[in-house]
Amino acid sequence: MTREKTQLKEFLESISVLQWVLSFLLLGVACIILMVYLMFTSLWPLSALYFVWLVMDWHKPERGGRRTMFVRKWKVWEHMRDYFPVKLVKTAELNPNKNYILGSHPHGIMCTGAFTCFSTESCGFAEAFPGVRASLAMLAGLFRIPFFRDYIMSAGLYPVSKPSLVHLLSKSGKGNAVVIVIGGAAESLASSPGLNTVVMKERKGFVRLALELGVDLVPVYSFGENELYQQVIFAEGSLCRRLQDLFKKIMGFAPCLFVGERFVLMPYRTPITTVVGSPISVPKRVTPTDEEVDHYHRLYMEALSKLFHEHKVSCGLSENHELRII
């Protein structure tokens, strides 16, 4: 009986992860195809009505979205958490009377650790940080896709655009922790097992925003994120890499060539430990100078490096592993 239950549990975990992977890769495209298809059927009024709704609701993602606990508490997210498993580690308190920008590293292929910890309730963020609400920011263009936008808004995802971030951090009260995957698409191209590379030496916009709004910075590192898939990494300057960079520049995300453990798409069952570091106090400056931005950017990189080296051994890496910041 126990054996049968264990097999069922493994099946549910695999199905839960598969739906997440397919949603990440294909759901947006499927929604666009569905919208166009309906326009050429007897159900075209539905497409027309939704289009009117879409125009009226165009700015909703940047004005607080439509976050629902119903979606964030789906049982499927708990099964997904258990597949790897994903674990959230707290190293310091976050004051619920302040707002924060959490910089998440690394991007990996699909930001699995960041999504599981900050866009679902499965890892216990609310219990670990009482009074603090986590909100994961992602590519703004995804919020223009019909139907798909409503789904991701319900999970508490927001556009990584300045109007959206300003609204969350200055017009939505206190206790907001906006999670930004700093390295973005460029960092996904550096994702490979055994490598710990983050792209952020020239990523200073989040620091400038923190200064303008007077919100603290918090480094976050997801150990194991880069171990989920094997990726073909093309050399800088090669034709394939130039095509990837061109696609990223046009579309905003990078086409990665990767394979998983099973059926190409299923990630390896590798533990992911997302460690939330200590906040870096940031003063409010209406018009921060470049020197101030550089200063707090440097403090952030030092804090991220310290966080990595303090927890790498307990999270499964060897003592000689280094964090490469580019």
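**A close look at one part**

Tutor: Asp216 touches Lys98, Asn99, Tyr100, Ile101, Pro279, Ile280, Ser281 and Val282, residues up to four places away in sequence not being counted; contact here means heavy atoms within 4.5 Å. The model is a predicted one, in which local features need pLDDT of at least 70 and side-chain atom pairs count only at pLDDT 80 or more, while totals for chains, interfaces and linings use all residues. Residues are numbered from 1 along each chain as its sequence is written, and side-chain values use heavy atoms, with hydrogens and water left out.

Asp216 belongs to strand S7; strands (E, at least two residues) and helices (H or I, at least four) are DSSP runs numbered from the N terminus. With a relative accessible area of 5%, Asp216 counts as buried, the classes being buried under 20%, exposed over 50% and partly exposed in between (1.4 Å probe, protein chains only). Between Asp216 and Phe125 there are 91 residues in sequence and 18 Å in space, C-alpha to C-alpha.

Strand S7 is one member of an open sheet of 7 strands, ordered S1-S10-S7-S2-S5-S3-S4, with mixed pairing; two strands pair if DSSP finds at least two bridges between them. Strand S1 (86–90) and strand S4 (157–159) are the edges, each pairing on one side only. From one strand to the next the twist averages 30°. Axes are lines fitted to C-alpha atoms, for helices over the stretch in contact, and angles run from 0 to 180 degrees between N-to-C directions.

The strand to examine next is S2. S2 and S7 run parallel and are joined by 6 bridges. S2 (residues 100–105) also pairs with S5 (residues 176–181) in the parallel sense, over 5 bridges. Ser104 illustrates both pairings: its bridge partner is Val220 in S7 and Val181 in S5. Leu102 has Val179 as its bridge partner in S5.

S2 is mostly covered, 6 of its 6 residues being buried. Tyr100, Leu102 and Ser104 point one way from the strand, and Ile101, Gly103 and His105 point the other way. In a regular strand the side chains alternate between the two faces of the sheet.

Apart from neighbours within four places in sequence, Leu102 is in contact with Phe118, Ala177, Val178, Val179, Ile180, Val218, Val220 and Val276. The largest nonpolar core has 49 residues, and Phe84, Leu102, Phe118 and Val276 have the most contacts inside it. Such a core is a set of buried Ala, Val, Leu, Ile, Met, Phe, Trp, Tyr and Cys residues joined through side-chain atoms within 4.5 Å. A second, separate core of 36 residues includes Ile182, Ala210, Leu211 and Cys315.

Cys315 is also among the contacts of Thr273, together with Lys87, Val89, Tyr221, Ser222 and Phe223, again leaving out residues up to four places away in sequence. Thr273 lies in strand S10 (residues 272–276) and is buried, its relative accessible area being 13%.

Helix H8 (residues 162–170) packs on the sheet, where it touches S2, strand S3 (133–138), S4 and S5, and its direction makes about 150° with that of S5. Its buried residues are Ser164, Leu165, His167, Leu168 and Leu169. What covers these residues includes S2, S3, S4, S5 and helix H10 (205–213).

Rings of Phe, Tyr and Trp (its six-membered ring) pair if their centres lie within 6.5 Å; planes under 30 degrees apart count as stacked, over 60 as edge-to-face and the rest as tilted. By this rule there are 15 aromatic pairs. Tyr83 and Phe84 are edge-to-face, at 4.9 Å centre to centre with 80° between the planes, and both are buried. The ring centres of Tyr229 and Phe258 are 4.8 Å apart and their planes lie at 65°, so this pair too is edge-to-face. It links distant parts of the chain, 29 residues apart: Tyr229 is in the loop between strand S7 (216–223) and strand S8 (230–231), and Phe258 is in strand S9 (residues 258–259). Tyr229 and Phe258 are both buried.
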